[in-house]
Amino acid sequence: MVDISSTTDGAARPIPQAPMLAIQNLTKTYCSAQEKIAVLRGVCVHVVAGESVALTGESGSGKSTLLHLIAGLDEADGGSIRIDDAEVTALSDRDRAAIRRDRIGLVFQQFNLIPSLTIADNLAFQSRIAGRHDGHWQNELVDRLGLGTLLKRYPEQLSGGQQQRVAIGRALAVRPSLFLADEPTGNLDEATADDVTDIALDLVKRTGCAFLMATHSTRLAAKLDRKVRLSAGRIA
Ligand SMILES: Nc1ncnc2c1ncn2[C@@H]1O[C@H](COP(=O)(O)OP(=O)(O)OP(=O)(O)O)[C@@H](O)[C@H]1O
């Protein structure tokens, strides 16, 4: 995505935008006693603020591995991951956790809601811990995600699609710079998956965050601004 400004002769001139997420030459090998699996062999990806990018690739190509590294849930062997002005690969575990809490919204295929908390408290969970809770913004999310009548319920009392909308609300309540989703609609039927993805994309545009979503679905990938494909450890 680029900004357009006009030049002195009046012609539109694109100004390159600094990426919100910049990944350079990222490598990751899993080692066990039996084998070494070189999953990422020099991955480069850039995503700018407000842009939505679908991360595709065959099963086992390393999509989840890449998202885990970006989120700081695991450490890369080499290369660099920059989120806005933070060089994630150079940070301690503690500082990576702080970036994850304050700047990253995360959604997985399993909704990972907290069973003992109401939907209202699940929605506010990350934003409260991050000290970034904003009641007006949470109310907007509740409206847009259609969760108004469900706030006093517990996760087990919700359908899969409803739970995933809560997970998206929780991730966006913190107003993240970066929204990462790993097959977020993999457990949902087609119509619900379309609906949840459309709402997520609308909210991404409104927050201006960078959005990277791993998916096997070409139909869902086509809704995003751009596709990148992992193959043989690199972006093909
Ligand atoms: N903790 C781990 N230890 C060892 N190998 C792992 C580990 N996690 C993943 N792998 C291996 O790394 C490779 C990439 O796995 P990953 O889950 O990242 O792929 P994926 O593209 O997300 O797959 P899918 O589309 O099936 O979810 C696979 O060969 C997997 O077996």
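I begin with a term I need below: two strands pair if DSSP finds at least two bridges between them. I also note at the outset that this is a predicted model.

**Entry: the end of the chain**

With that term in hand I looked up β11 (residues 226-231) and strand β12 (residues 234-235), and I found that they pair in the antiparallel sense over 2 bridges. In this pairing Ser231 stands opposite Arg234 in β12. The two strands form a hairpin with 2 residues between them, and there I noted that Ala232 takes a positive phi near 50°.

I then asked in which sense β5 and β11 pair. Strand β5 (residues 52-56) runs parallel to β11, and 4 bridges join them, with Val53 placed opposite Arg226 in β11. I reminded myself that strands of a sheet pair through backbone hydrogen bonds, either parallel or antiparallel.

**Entry: an open sheet**

Next I followed an open sheet of 4 strands, whose order I wrote down as β4-β3-β6-β7, with antiparallel pairing. At its edges I found β4 and β7 (86-87), each of which pairs on one side only. Strand β6 (residues 78-83) is joined to β7 by 2 bridges, and I saw that Arg82 stands opposite Glu87 in β7.

**Entry: around the ligand**

Which residues lie around the ligand? I listed Tyr30, Ile37, Val39, Gly57, Ser59, Gly60, Ser61, Gly62, Lys63, Ser64 and Thr65. When I sorted this shell by kind, I had 3 nonpolar residues, 7 polar and 1 charged. Both β4 (36-47) and α1 (63-70) supply at least two residues of the shell, and α1 gives the most, with 3 residues.

**Entry: two helices in contact**

I turned to helix α3 (residues 119-129) and helix α5 (residues 160-173), which pack at an angle of about 35° with their axes 6 Å apart. The crossing of α3 past α5 is right-handed. On the side of α3 the contact includes Ile119, Leu123 and Phe125, while among the residues they meet in α5 are Val166, Arg170 and Ala173. The residues of this contact divide into 6 nonpolar, 4 polar and 1 charged.

**Entry: the whole chain**

Last, I stepped back to the protein chain, in which I counted 7 helices and 12 strands. Its radius of gyration is 18 Å, close to the 18 Å that the globule rule gives for 236 residues, so I recorded the chain as being as compact as a globular protein of that length. Along its principal axes, the C-alpha trace spans about 65 × 45 × 35 Å.

Conventions. Residues are numbered from 1 along each chain as its sequence is written. This is a predicted model: local features need pLDDT of at least 70, side-chain atom pairs count only at pLDDT 80 or more; totals for chains, interfaces and linings use all residues. A residue is near a molecule or strand if its C-beta atom, placed from the backbone, lies within 6 Å of it. Ala, Val, Leu, Ile, Met, Phe, Trp, Tyr, Cys and Pro count as nonpolar, Asp, Glu, Lys and Arg as charged, and the others, Gly among them, as polar. Axes are lines fitted to C-alpha atoms, for helices over the stretch in contact, and angles run from 0 to 180 degrees between N-to-C directions. A crossing is left-handed if the near helix is turned anticlockwise from the far one by less than a right angle, and right-handed if clockwise. Two residues are in contact if their C-beta atoms, placed from the backbone, lie within 7 Å. The radius of gyration is taken over C-alpha atoms; the globule rule is 2.2 Å times the number of residues to the power 0.38.
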